[in-house]
Amino acid sequence: MPVTSTTREAVSEAFSRRESAGRRLAEDSERITRACRAMAVRFHRGGKLIVFGNGGAGTDASHIAVEFMHPVVVGKRALPAMALGNDAATVSAVGARDGLAEVFAHQVRHWGAPADMALGVSSDGWCANVLKGLEAAREQGLFTMALLGGDGGAIARSAAVDHALIAGSEDPAVVKEIHVTMYHVLWELVHVFHARTRPDTAR
């Protein structure tokens, strides 16, 4: 069956939406670099990465944690990380008693230590429980980051977030794809800085 001009246009437009969002991520290279260096220093100091999100973002959180804990690239060292959505019993218990808005904040308060890092993932930047988790992390002195979509929403505007990395698209599929690229880049650069950075070089 021949490819029609309408089909070609649809394919071109689909790639164009992804290209523009990816280009905006690349233009944020300075922020990404600073975040990765800060993460590497905290890993050197014995800190761990605590990741959380809802739904599809929750699966991203699990993916991020396992990539740090069990790198697929041979020779890369494991770095401590955990995804808060993986413990269904705790999530459902906190949600039933205190409400879903508290499911991440409650765990951060009990798992987090000042040397740690908190990474919240939200496809639109408006997830109340992700924001509360980051706010709880900031209160305890953790380094805070967020992977967001759209315009970043309330999370990007929060003083509780040290670094907000935004996939600038309203299309949830594109946001998901850019987030995967984002955290693969984070993982890669954290390892680069981890190999070059000493704990006493942090500011």
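The paragraphs below lead through helix contacts, an aromatic pair and several individual residues of this structure.

The model is predicted, so local features are reported only at pLDDT of at least 70 and side-chain atom pairs only at pLDDT 80 or more, while totals for chains, interfaces and linings use all residues. Residues are numbered from 1 along each chain as its sequence is written, and side-chain values use heavy atoms, with hydrogens and water left out. Helices (H or I, at least four residues) and strands (E, at least two) are DSSP runs numbered from the N terminus.

Axes here are lines fitted to C-alpha atoms, for helices over the stretch in contact, and angles run from 0 to 180 degrees between N-to-C directions. The crossing of H1 and H8 is right-handed, a term used if the near helix is turned clockwise from the far one by less than a right angle, with anticlockwise giving left-handed. On the H1 side the contact (heavy atoms within 4.5 Å) is made by Arg 17, Arg 18, Ala 21, Gly 22 and Leu 25, and on the H8 side by Ala 173, Val 174, Glu 177, Ile 178, Thr 181 and Met 182. Six of these residues are nonpolar, two polar and three charged. In this classification Ala, Val, Leu, Ile, Met, Phe, Trp, Tyr, Cys and Pro count as nonpolar, Asp, Glu, Lys and Arg as charged, and the others, Gly among them, as polar.

H8 also meets H2: their axes come within 8 Å and cross at roughly 60°. That angle makes H2 oblique to H8, and the crossing of H2 and H8 is right-handed. From H2 the contact draws on Ile 32, Thr 33, Cys 36, Arg 37, Met 39, Ala 40, Phe 43 and His 44, and from H8 on Val 185, Leu 186, Leu 189, Val 190, Phe 193 and His 194. The residues of this contact comprise ten nonpolar, three polar and one charged.

In the pair formed with Phe 68, the ring centres are 5.7 Å apart and the planes stand at 25°, so the pair is stacked. Rings of Phe, Tyr and Trp (its six-membered ring) pair if their centres lie within 6.5 Å; planes under 30 degrees apart count as stacked, over 60 as edge-to-face and the rest as tilted. Because Phe 43 belongs to helix H2 (residues 29–44) and Phe 68 to helix H3 (residues 55–69), the pair ties together parts that are 25 residues apart in sequence. Both Phe 43 and Phe 68 are buried, a term for under 20% relative accessible area, with exposed meaning over 50% and partly exposed in between (1.4 Å probe, protein chains only).

Phe 68 is also touched by Arg 77, as are Pro 71, His 191 and His 194, not counting residues up to four places away in sequence. Arg 77 sits in the loop between H3 and strand E2 (81–83) and counts as exposed at 52% relative accessibility. Its partner His 191 is placed in helix H8 (residues 172–196) and counts as buried at 7% relative accessibility. Apart from neighbours within four places in sequence, His 191 is in contact with Lys 76, Arg 77 and Leu 79. The loop between H3 and E2 also holds Val 73, which is partly exposed, with a relative accessible area of 38%. Val 73 and Glu 188 are 115 residues apart in sequence and 10.0 Å apart in space, C-alpha to C-alpha.

A further helix contact joins helix H5 (residues 103–111) and helix H6 (residues 128–139), whose axes come within 7 Å and cross at roughly 20°. H5 and H6 are therefore roughly parallel to each other. The contact residues of H5 with H6 include seven nonpolar, two polar and two charged.

Finally, Asp 116 lies in the loop between H5 and strand E3 (117–121) and counts as buried at 3% relative accessibility. Leaving aside neighbours within four places in sequence, Asp 116 contacts Arg 42, Gly 47, Lys 48, Ile 50, Trp 111, Leu 142 and Phe 143.

Terms used:
Parallel < 35°, antiparallel > 145°, perpendicular 65-115°, else oblique.
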